[in-house]
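Work through the following exercises with the sequence and the structure side by side, and try each task before reading its solution.

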Amino acid sequence: MNNKFFITTAFCLTALQYTFAQEGMRPEMSEFYEPVTPVVTPGKDLPGGGFTAPSDAIILFDGKDLSAWENTQGGAAEWKVKDGVLTVDKSKGDIRTKEKFENFQLHIEWRIPEDIQGDGQGRGNSGVYLQGMYELQVLDSYKNATYVNGQAGSIYKQTAPLVNAMRKPGEWNVYDIIYTAPVFKEDGTYRTRPQVTVMLNGVVLQNNTTILGTTEYIGFPRVVKHGAGPILLQSHGDPSAPISFRNIWIRRM
Ligand code: MG
C-alpha cells in the first residue's frame with residue numbers, strides 16, 4: 001500500500017465516521033443552557049472617545065481621588081487630581097494600584113499636553129506596567145519618531161505596535177488592554193508566557209502578543225518568577241510637561 005493510497009483511505013474512513021456520527025442528531029443536542037452567562041451593563045460614552053466602566057468593573061480612578069493607589073514604598077499616591085483628571089507629578093515617582101491582579105481587562109485614558117515640547121523618548125513619556133513587570137509604552141507618538149519598539153503602544157524594547165493610531169496632543173487616547181498572566185514552572189521559568197492584546201482608540205496595536213520577559217532599558221528581557229501584581233503608572237524623568245490620565249477601570253477575568 002503506497003502512502004498516497006493510505007492517506008486517501010484514512011481520509012475516507014474519517015469522513016464516513018463523521019457522517020455516521022451526525023446521523024440521529026437533533027439541533028438541540030449541540031445546544032447548552034448552563035451555566036447562564038452573567039449580565040454586565042456596559043458603561044456610557046464619554047466625549048473624546050472613551051466610555052465609562054461597566055457594572056462589574058473595579059474602579060481605579062473615577063476622577064475623584066487616588067484611594068485605589070499608593071506610591072512604590074506603600075505610602076500615599078501624591079500625583080495631582082484636578083477637574084476629574086489625574087496628572088503625573090514627576091517629583092513623586094511611580095504610582096501603583098493597592099490591589100494586585102492576574103488576568104484582566106484594563107481601560108485607561110491618557111492625554112499628552114497640548115503644548116508638549118521635546119522629541120523622541122523625551123516627549124510625554126510614561127507607561128502602564130502590567131502586573132508591575134511589563135511596560136506598555138505611553139508616549140507622544142503623534143509625528144514624533146523614535147525606535148519603533150519604544151513608541152506608544154509598544155511592549156517597551158520588545159514588540160512594536162502594528163500601527164500608530166495616536167490622537168494629537170490635547171486629545172484623549174484610549175487604551176483597552178486584555179492581559180493573560182504568565183504561569184511559571186517550579187524552576188522559575190515560564191510554563192506559559194504573558195500575553196497581551198492592546199487597542200488604542202479602538203484600533204488593534206498588539207494582537208495577543210507574547211511578552212518575552214521583564215522590561216529592560218539596557219539589555220534583553222529577563223524571566224523573573226512572580227505572582228499577582230499591580231497596575232503601575234510610570235513617572236518618567238523626561239523634561240517635557242507631565243501627561244494626564246482619566247477613567248481607569250479593570251475587570252478580573
Ligand atoms: Mg515609558
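**Exercise 1.** Why does V203 count as partly exposed?

Solution. The model is predicted, so local features need pLDDT of at least 70 and side-chain atom pairs count only at pLDDT 80 or more, while totals for chains, interfaces and linings use all residues. Residues are numbered from 1 along each chain as its sequence is written, and side-chain values use heavy atoms, with hydrogens and water left out. Buried means under 20% relative accessible area, exposed over 50%, and partly exposed in between (1.4 Å probe, protein chains only). V203 has 32% relative accessibility, and therefore it counts as partly exposed.

**Exercise 2.** What is the strand order of the open sheet of five strands?

Solution. The order is β2-β5-β14-β7-β8, with antiparallel pairing, where two strands pair if DSSP finds at least two bridges between them. At the edges lie β2 (69–71) and β8 (134–138), each of which pairs on one side only. Between β7 (residues 126–130) and β8 there are five bridges, and G127 faces Q137 of β8.

**Exercise 3.** Which residues have the most contacts inside the largest nonpolar core?

Solution. A nonpolar core is a set of buried Ala, Val, Leu, Ile, Met, Phe, Trp, Tyr and Cys residues joined through side-chain atoms within 4.5 Å. The largest one has 45 residues, and W69 and Y175 have the most contacts inside it. Strands that each supply at least two residues include β1 (58–61) and β9 (172–180), while the largest share, four residues, comes from β6.
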